[in-house]
Structures are given as C-alpha cells and as structure tokens.
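Subject: Structure handover

Hi,

Here is the structure for you to look through. My notes follow below it.

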Amino acid sequence: MRFKDVFSIIGPVMVGPSSSHTAGAVRIGRVARQLLGRVPSEADIALYGSFAETYRGHGTDVALVAGLLDWSTEDMRIPRSLEFAAEVGMRVNIRRGAGTVPHPNTALIRLQCGPHRAEVLASSIGGGNIEVHRVNGFAVRCSAAYPALFVSHRDVPGVIAAVTRLLSAEGVNIVSMSVDRKGRSGEALSVIETDENVHDALLAALRALPDVSEIRKIDVTGSRCA
Amino acid sequence: MRFRTLAELAELCGRENRTIGRLMLEEQAAESGRPEETEFAHMLSYYRVMKEAVRKGLTENTTSRSGLTGLDAQRVMSRIKAGTTCAGDVAATAMAYALAVSEVNASMGRIVATPTAGSCGIIPGVFVSSQERFGWDDEKMVYGLFCAGAIGYVIANNSFVSGAEGGCQAEIGSAIAMAAGAAVELHGGSPEQAVHAVGLALKNTLGLICDPVGGLVEVPCIVRNGFGAVTALAAADMALSGVRSVIPSDEVVEVMYEVGSAMPEQHRETAKGGLAQTPTGRAIMRRLRETWQDRRE
C-alpha cells in the first residue's frame with residue numbers, strides 16, 4: 001500500500017501552498033540531509049516533471065532547502081529558507097533535470113560536505129507522502145513514513161541476519177526492507193523501515209558489526225515520533 | 001488495515017457493529033502500535049489547526065504572494081450577513097469556510113492536508129460549519145475525521161490523490177468524497193450510506209483536470225474548494241435520503257484511476273494546459289515570471 005495509515009491521508013500539518021510540491025518537497029530534502037548526516041556545504045538539486053514546471057509558484061525550491069536544513073513541514077520559516085541556508089554556508093544550485101524519471105514530481109539531490117556525499121532520487125506522490133527510489137546509486141524502496149535505517153555493508157552472507165538479530169533482540173519491528181548491491185561481494189545497501197525508533201546505543205552496536213561500513217538513520221515522521 | 005475497498009470497509013463495520021470513524025481509530029492504533037488515546041489526541045490537534053485556519057481566513061489578510069487571490073471568504077461572509085445568499089446560509093457558510101482555509105494555504109499559512117493542500121478547504125468547510133450549526137463537540141468531529149481518513153485511505157491506495165498523477169478529480173474529488181461520507185456518518189447515517197455518498201460525490205468530479213494558473217495552488221483551486229464543500233453536503237443529503245450510487249463506489253474509484261491515467265500531462269498540474277494556458281492565464285504567468293526574476297536577482 002502506498003499510503004500507510006490515516007495520517008498519510010489527514011495530514012500532515014503544513015505550511016502551504018502544496019502538499020506535493022511544498023510539504024513533500026520538505027520531506028525529500030530532509031531525507032537527503034539526514035543521509036548526509038550534517039549540514040551540506042553544496043547542494044545540487046535537479047527537478048523533473050511538474051516539479052521543474054511549477055517550482056517557483058509552489059515554493060518547491062524553498063521547501064527542498066528547508067528540508068536540507070532539517071526543518072519539518074509545519075515550520076513557519078519555510079518561505080525564508082534560502083536566507084537561512086546562506087547563513088549556514090550552504091551553496092544551493094537548482095536546475096531542470098534531463099531524462100526520464102519514475103514520477104511527475106521528482107527531485108535528484110546531490111549533497112556534499114567535505115569528503116561526505118549523498119545522492120537521493122525521490123518523488124512526491126501526493127498528500128505530503130514521498131517515495132525514495134535511489135540512494136547513492138543503489139535502488140531502494142522507502143516511503144519515509146517510518147523511521148528507516150540505511151545500512152551500507154559488504155555483500156557477504158550473514159550481514160543482514162546479524163542486523164535483524166540485533167533489531168529483534170531490542171524489540172524493533174521491521175515494516176519493510178530492501179537490499180541492493182553493486183556486484184557480488186561488493187558494496188550493498190539495505191534499507192530497513194521500522195515501527196520503533198532505533199536508539200543510539202543500538203545504532204552503535206549495529207555500526208560495530210563486521211562488514212557493516214556505515215549506518216544512517218532517517219526520521220522525517222514529524223513531531224509525533226520520539 | 002484490514003480493508004482495501006469501500007465494500008470491505010462497510011462490511012467490516014457492519015460485522016463488528018462499528019461506525020467507520022470508530023473502526024478506523026482502532027485500525028490506526030493497531031497499525032501504529034500507539035494507544036487509541038494517542039491517535040485520537042493527535043487527530044484532535046489536527047482539528048484545532050483546521051478551526052484556526054478557518055478563523056484566520058475569515059479575519060486576516062489572506063492575499064497571496066502572487067496577489068492573484070485572497071479575501072474571497074470574507075466577501076462571501078458579508079453576503080451571508082446581508083441575508084442575501086442564493087444557495088442559503090448553510091451552504092454559503094460551508095463554502096466561505098472552505099474558501100477561508102484554502103486562502104490561508106495559498107498565502108503560505110498553516111493548514112492540514114486533507115488529503116492534499118490543494119484540497120485542504122473542503123473538509124474543514126463542511127466540518128466546522130456543521131459543528132457550529134448543530135452544536136457538536138470536538139470528540140464527535142474527530143471521529144468524523146477518522147471516517148474521512150478511512151475513505152481517503154481506500155481512494156488513495158486504489159487510485160490517487162495528487163493532481164500530478166490523476167488531475168484535480170484526484171484531489172478535490174477525493175476530498176469531496178471524504179467529506180460527504182463523513183457528513184453522512186456525523187448525521188447518523190450507516191456505513192453503507194456513507195459509502196454511497198462517496199460514489200455519488202466522486203461521479204460528479206470525474207474528469208476534472210488540474211490546470212492551475214501559473215502553477216500556483218490558487219486559480220482555480222481555491223474556488224473549487226468552495227464548490228466542493230457545497231457538493232459534499234449535497235452528496236451527503238442524497239445518501240442520507242436513501243439515494244444509492246448505482247455504480248458501486250469502488251468501481252467509481254477505479255474509473256477515477258482509469259480517467260486520471262489517460263489524462264494528458266498538460267492537464268496534470270504542469271500548468272501546460274487548461275486554464276493555465278488561456279490568453280489571460282499565460283499573461284498572468286508572464287507577469288509572475290518577471291516579478292520573480294526581479295526578486296531573485
């Protein structure tokens with residue numbers, strides 16, 4: 001089901017004017033920001049389809065940048081996000097993307113901060129809901145409707161079992177999971193959406209697992225999540 | 001959620017002797033793993049945002065940043081006060097409240113997407129005006145929102161709720177259907193009647209294109225919210241009177257998907273067709289582009 005619960009229909013509380021072009025855009029930007037794990041110094045944003053055609057009128061640009069600042073959809077500062085971005089030293093480039101994409105409201109975001117990089121392809125599918133399609137070159141399936149773990153690891157037997165064993169020991173329930181790899185025994189990315197918030201100690205334990213190189217937690221579920 | 005269609009939803013309510021709103025609260029709590037009280041309180045906080053948006057739209061300056069829209073809700077309220085409405089005060093008040101919330105949205109104020117921001121006026125328009133008229137308490141209204149949410153959940157998962165995917169029918173049409181079904185339940189109608197209201201309402205917006213002038217959620221979106229609130233009341237009255245949707249509501253939802261899928265790109269929120277590409281629509285877009293260039297550089 002693309003829409004998970006009652007609050008994906010009634011909600012979010014948001015600053016207007018468009019749930020897909022404003023609120024959804026905030027959440028896409030926020031996913032990218034949390035995957036980078038820090039304030040980006042460079043943000044390159046390519047817009048596709050209706051995003052590219054109408055972004056000025058809907059404030060999609062200020063919304064995506066508000067997300068890059070890790071703000072929520074109801075933050076009253078959204079209309080002025082570009083000023084805040086300039087203040088924290090974020091250089092933003094917004095352009096029209098070329099080629100075909102999976103959905104009319106799609107953005108490709110490339111972030112950089114020193115050696116750290118994140119690349120996210122995501123669409124806004126209506127009512128502020130989003131779908132993340134690709135992260136750092138890996139195909140993923142993630143709605144961001146739940147907290148999610150992005151686990152970078154080597155493609156060897158037992159890694160996913162070790163991760164899920166730790167989650168299960170802490171009573172964390174998995175909502176959805178997707179795995180993609182660049183090649184056999186090479187780099188892989190597992191995306192695990194969870195019902196419960198994954199606390200820092202558990203994150204540290206997961207990070208310490210053999211063959212796990214990096215873990216990012218994203219949570220753009222808003223004020224209702226602990 | 002234990003239902004995927006409107007028929008399943010009504011059947012489940014009948015079997016467990018629940019209203020749609022009550023059942024959806026239980027389903028939501030089961031889905032989220034949070035207590036019913038938490039989910040209820042969360043929805044109540046949303047209802048308060050809706051009421052605040054109505055108040056704001058009726059009392060504050062809602063002129064949008066483009067200058068294209070604003071203050072229409074207050075114009076309608078003046079006419080109601082003068083006692084000269086054509087549609088009657090009940091319909092006109094629902095309409096004015098819906099316009100108010102949509103104008104708050106267009107002026108970058110805070111609203112609840114129901115199901116989207118483009119259609120955020122219809123449910124508050126119907127709900128807040130009905131609450132005032134009948135003296136209902138907030139608790140009743142919150143159950144009404146869970147009912148509206150259950151209907152929207154089925155529509156969204158079997159069709160779509162974004163103008164970019166399915167045209168305006170997917171946004172305004174879905175909101176009207178949700179408001180109509182919830183209004184039936186608020187007035188004591190059965191789940192089956194609520195589901196009929198959904199089909200009746202949806203049929204009236206099939207084929208509606210999304211053609212916002214300048215790509216903004218303003219023209220014609222705001223007035224469509226006003227019309228939508230009135231249509232929702234009409235659909236609820238039909239269903240409560242025993243009018244049935246001859247084509248079952250789930251099949252109407254399928255038709256919305258079929259029509260939306262066949263809709264050309266220029267009529268799905270791109271501002272490349274429809275009202276956006278009329279001579280006046282194009283002139284407005286040109287003027288806005290020039291203004292934005294000035295502002296950015």
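**Helix α6 of chain B**

Helices here are DSSP runs of H or I with at least four residues, strands are DSSP runs of E with at least two, and both are numbered from the N terminus.

Before going on, note that this is a predicted model: local features need pLDDT of at least 70, side-chain atom pairs count only at pLDDT 80 or more, and totals for chains, interfaces and linings use all residues. Residues are numbered from 1 along each chain as its sequence is written, while chains are lettered from A and ligands numbered from 1 in the order in which they are written.

Back to α6(B). It covers residues 122-134 of chain B, 13 residues in total. At 1.5 Å a residue they should span 18 Å, and the end C-alpha atoms are 18 Å apart, which agrees. (The expected span is 1.5 Å times one less than the number of residues.) The buried residues of α6(B) include Ile122(B), Val126(B), Phe127(B) and Ser130(B). Buried means that 20 or more other C-beta atoms lie within 10 Å of the residue's own; exposed means 12 or fewer, partly exposed is in between, and C-beta atoms are placed from the backbone. Those buried residues pack against α3, α5, α7, α9 and α11 of chain B.

**Helix α7 of chain B**

How many residues of α7(B) are buried? The count is 16 of 21, so α7(B) is largely enclosed by the rest of the structure. Its 21 residues should span 30 Å at 1.5 Å a residue, and its end C-alpha atoms are 30 Å apart, which agrees.

**The core**

The largest nonpolar core has 167 residues. Such a core is a set of buried Ala, Val, Leu, Ile, Met, Phe, Trp, Tyr and Cys residues joined through C-beta atoms within 7 Å. Ala179(B), Ala180(B) and Ala232(B) have the most contacts inside this core. Domain 1 and domain 2 of chain A both give residues to this core, so it lies between them. Leaving out residues up to four places away in sequence, Ala180(B) touches Ala197(B), Val198(B), Ala201(B), Ala232(B), Ala235(B) and Ala236(B).

**Domains of chain A**

Chain A is divided into domain 1 (14-136) and domain 2 (148-224). The bounds come from an automatic or database domain assignment. Taken over C-alpha atoms, the domain centres are 24 Å apart. In all, 10 residues of domain 1 are in contact with 7 residues of domain 2. Contact means C-beta atoms, placed from the backbone, within 7 Å. On the domain 1 side, α1(A) gives the largest share, 5 residues.

**Strand β10 of chain A**

β10(A) spans residues 187-194 and is mostly covered, with 6 of its 8 residues buried. Which strands pair with β10(A)? β8(A) is joined to β10(A) by 7 bridges and runs antiparallel to it. β9(A) is also antiparallel to β10(A), with 7 bridges. (Pairing needs at least two DSSP bridges between the strands.) Phe150(A) has Val191(A) as its bridge partner. Met177(A) stands opposite Ile192(A). β9(A) and β10(A) form a hairpin with 5 residues between them, and Ser185(A) in the turn has a positive phi of about 65°.

**Where the chains meet**

Chain A puts 35 residues in contact with 46 residues of chain B. On the chain A side, α2(A) gives the most, 6 residues. β1(A) pairs with β1(B) in the antiparallel sense over 3 bridges. There, Met14(A) stands opposite Ile111(B).

Best wishes

Notes
Two residues are in contact if their C-beta atoms, placed from the backbone, lie within 7 Å.
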